Amino acid sequence: MDGMSLLTVTVLAVFVGFEVVSKVSSTLHTPLMSGANAIHGIILVGAIIVAGQAADPGILAVALLAVVLATANLVGGFVVTDRMLLMFHGRKEAVRTGAAGTAAGAKEEGK
Amino acid sequence: MSLLDPVWTSLLYLAAAVFFILALRGLSSPRTARRGNLIGAFGALLAVVTVFLSARLENIPWIVGAIAVGTAVAAPVARRVKMTQMPQLVALFNGVGGGAAALVALLELGHNEDPWVRLAIVFTLLVGAVSFAGSGVTFAKLQELMTTRPVVFPGLPVVMAAVLLAAVGTAVAVVLTGSLALAVLLMVLGLVAGALLVLPVGGADVPIVISLLNAFTGLAVAASGVVLGNVLLVVAGTLVGASGTILTRAMAAAMGRSVAGILFGAFKGGSTAGSTAVSERPVRCSSAEDVAVLLGYAQRVIIVPGYGLAVAQGQHTAAELALALESRGIVVDFAIHPVAGRMPGHMNVLLAEANVPYESLKEMGEINPEFRTADVALVVGANDVVNPAAKTSSGSPIYGMPILEVSDARQVIFLKRSMRPGFAGIENELLYEPQTSLLFGDAKDSLAKVLGAVKAL
């Protein structure tokens with residue numbers, strides 16, 4: 001892809017990035033940040049390409065380190081965001097009972 | 001192996017990019033947030049499968065092994081982390097992403113002669129390294145491996161300027177010569193700059209810095225996409241960079257701060273430095289029993305949870321106390337300041353985890369008029385978000401930040417660890433008002449004592 005097309009894509013992506021999050025409520029700031037954080041873990045694709053082209057063992061080692069780090073970013077990011085959002089999910093029907101509160105509290109301490 | 005021709009590869013990458021956009025849009029609304037995140041994860045999976053099917057790759061067993069290792073490390077941690085420790089985990093994941101981008105750029109240096117591509121390489125190296133080290137320091141601060149107070153030393157601005165100048169000089173040299181040794185030096189300078197950038201930031205401002213570094217990593221990933229000629233990386237990285245910038249500004253606005261003020265305030269020895277001075281003025285101290293009586297015979301109680309509650313992991317006890325009060329026929333609500341907890345929205349997550357129903361969580365705009373009708377405002381481990389100085393004293397660092405109007409309630413009870421001012425380091429006049437009483441101690445212990453006393457009423 002030539003430089004001009006890349007520039008076009010980049011500029012358009014900036015505006016899309018601004019637009020999609022412009023009206024987010026402060027309640028969702030944390031999950032949104034965490035989700036965006038997971039998305040940049042897609043550097044994994046770059047790390048895989050570099051590792052796949054590595055001929056020298058030293059270069060391969062560094063590239064594999066990049067793969068490990070990128071995977072941690074990508075997988076961990078999506079999993080932790082999902083956990084965060086699970087807390088929001090279904091809380092309308094969540095019945096607050098003393099027993100549930102105590103059990104959850106005990107679980108928290110047991111960890 | 002190369003099962004997919006370039007057209008199919010491009011189409012699949014395009015599809016992944018669209019999934020990322022849909023993911024961000026989904027995450028912006030409570031109803032669609034979880035689905036949005038899953039759409040993003042699906043896009044990522046699609047992209048990874050595509051790269052395996054399209055690029056000519058050697059070392060595939062090694063790569064798959066490395067992915068397995070990364071997953072085996074990150075997934076269990078992400079699954080088990082306590083919700084109170086979640087912000088530092090996000091910081092950590094962000095840092096390793098930045099580190100990965102920097103390593104990719106470093107390895108690509110050898111194959112690229114084009115000065116524009118080399119420019120993208122040095123940008124990725126520098127920004128990725130800044131993000132990696134900055135996130136590392138952020139993690140250490142939030143995990144309390146080091147002080148959460150701003151770390152400043154004399155001459156810090158000079159050192160920072162020198163490091164940045166050296167980095168720019170080295171970057172130019174790398175573009176001109178393509179020297180690997182200089183590129184490594186540039187990464188090291190980036191690491192130092194990242195650490196120096198975050199060290200002077202105070203604990204309360206750290207979440208904004210996480211968001212900023214998140215945007216930085218996005219930009220590094222976008223630049224690495226330019227290096228590799230991979231449109232998906234360009235689009236995904238730019239999306240995160242742009243949305244992260246907006247998010248950082250929104251967070252800063254909710255706290256009444258400016259991003260530049262947070263980053264450079266401490267350099268100037270200014271606002272975020274804070275004080276630990278303890279005032280000698282008299283306050284009304286209370287016992288758990290007194291607090292229980294005030295709460296137990298009220299009709300309307302508003303609980304204001306803050307950072308202290310999150311740190312003490314007292315959210316379950318707070319939920320139980322609310323339940324005990326409700327069983328006495330008292331109307332109880334939680335007033336959530338936009339930046340309560342350690343990150344904007346963090347308190348909602350913590351209280352949702354403790355099974356506090358959604359209807360009891362009231363946002364600031366909704367609850368502020370109701371303090372007038374409240375008998376008791378119970379402030380648990382919050383300080384700056386209820387400090388009237390934000391409205392009255394124009395010289396105060398938090399001036400202009402919207403606050404919860406707890407002073408309108410007939411009685412105000414603070415559960416505090418000590419008289420030490422909050423993170424912004426400003427005295428709270430409300431503590432000395434006649435309608436205010438204080439109960440000192442760890443938020444969770446105090447809540448448990450009050451809960452016991454309420455049950456004994």
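Chain B averages a pLDDT of 86, and 92% of its residues score at least 70. The structure is a predicted model, and it scores ipTM 0.82 and pTM 0.78. In this model, 83 residues of chain A are in contact with 102 residues of chain B.

**Confidence**

- Over residues 268–278 of chain B, pLDDT stays under 50. For that stretch the model has 26 contacts beyond four places in sequence.

**Chain B: overall architecture**

- Chain B contains 17 helices and 6 strands.
- The domain assignment divides chain B into domain 1, covering 81–272, and domain 2, covering 288–456. The centres of these two domains of chain B, taken over C-alpha atoms, are separated by 35 Å.
- Along the principal axes, the C-alpha atoms of chain B fill a box of roughly 75 × 50 × 35 Å.
- Of the 457 residues of chain B, 57% count as buried.
- Among contacts in chain B with a separation of 6 or more, 77% are between residues 24 or more positions apart.

**Chain A: overall architecture**

- Chain A has 5 helices and 0 strands, and its pattern along the sequence reads α-α-α-α-α.
- Of the 111 residues of chain A, 56% count as buried.
- For contacts in chain A between residues at least 6 apart in sequence, 59% join residues at least 24 apart.

**The interface between chains A and B**

- The contact involves 83 residues of chain A and 102 residues of chain B. On the side of chain A that touches chain B, at least two residues each come from α1 (3–20), α2 (29–39), α3 (43–53), α4 (57–88) and α5 (98–110) of chain A.
- Helix α4(A) gives the most to this side of chain A, with 28 residues.
- By class, the side of chain A that touches chain B comprises 51 nonpolar, 24 polar and 8 charged residues.

**Helix α11 of chain B**

- Helix α11 of chain B spans residues 288–296, and its buried residues are A288(B), V291(B), A292(B) and L295(B). Viewed down the axis of α11(B), these buried residues fall within an arc of 100°, so they line one face of the helix.
- The cover over the buried residues of α11(B) includes the strands β1 (300–305), β4 (376–380), β5 (411–416) and β6 (436–440) of chain B. Helices α13 (315–326) and α17 (443–456) of chain B are also included in that cover.

**Two buried helix positions in chain B**

- G244(B) is located in helix α9 of chain B, residues 231–254. G244(B) counts as buried because it has 29 C-beta neighbours inside 10 Å, where 20 or more is the cut-off.
- Apart from residues up to four places away in sequence, G244(B) touches A36(A) of the partner chain as well as S211(B), N214(B), A215(B) and G218(B).
- G244(B) and G65(B) are 179 residues apart along the chain, and their C-alpha atoms are separated by 32 Å.
- A129(B) is placed in helix α5 of chain B, residues 115–142. With 28 other C-beta atoms within 10 Å, A129(B) is buried.
- Neighbours within four places in sequence aside, A129(B) is in contact with A102(B), M187(B), G190(B), L191(B) and G194(B).
- The C-alpha atoms of A129(B) and A254(B) are separated by 29 Å, and the two residues lie 125 residues apart along the chain.

**Positive phi in two loop residues of chain B**

- N59(B), a residue other than glycine, has a positive phi near 60°. N59(B) lies in the loop that runs between α2 (33–54) and α3 (60–80) of chain B.
- N59(B) counts as buried because it has 20 C-beta neighbours inside 10 Å, and burial requires 20 or more.
- N355(B) is not a glycine, yet its phi is positive at about 65°. The position of N355(B) is in the loop between α14 (346–353) and β3 (361–363) of chain B.
- N355(B) has 22 C-beta neighbours inside 10 Å and therefore counts as buried.

Notes. Residues are numbered from 1 along each chain as its sequence is written. Chains are lettered from A and ligands numbered from 1 in the order in which they are written. This is a predicted model: local features need pLDDT of at least 70, side-chain atom pairs count only at pLDDT 80 or more; totals for chains, interfaces and linings use all residues. Domain bounds come from an automatic or database domain assignment. Helices (H or I, at least four residues) and strands (E, at least two) are DSSP runs, numbered from the N terminus. A residue is buried if 20 or more other C-beta atoms lie within 10 Å of its own, exposed if 12 or fewer, and partly exposed in between; C-beta atoms are placed from the backbone. Two residues are in contact if their C-beta atoms, placed from the backbone, lie within 7 Å. The arc is that of the directions from the helix axis to the C-beta atoms. pLDDT is the predictor's confidence in each residue, from 0 to 100. Ala, Val, Leu, Ile, Met, Phe, Trp, Tyr, Cys and Pro count as nonpolar, Asp, Glu, Lys and Arg as charged, and the others, Gly among them, as polar.
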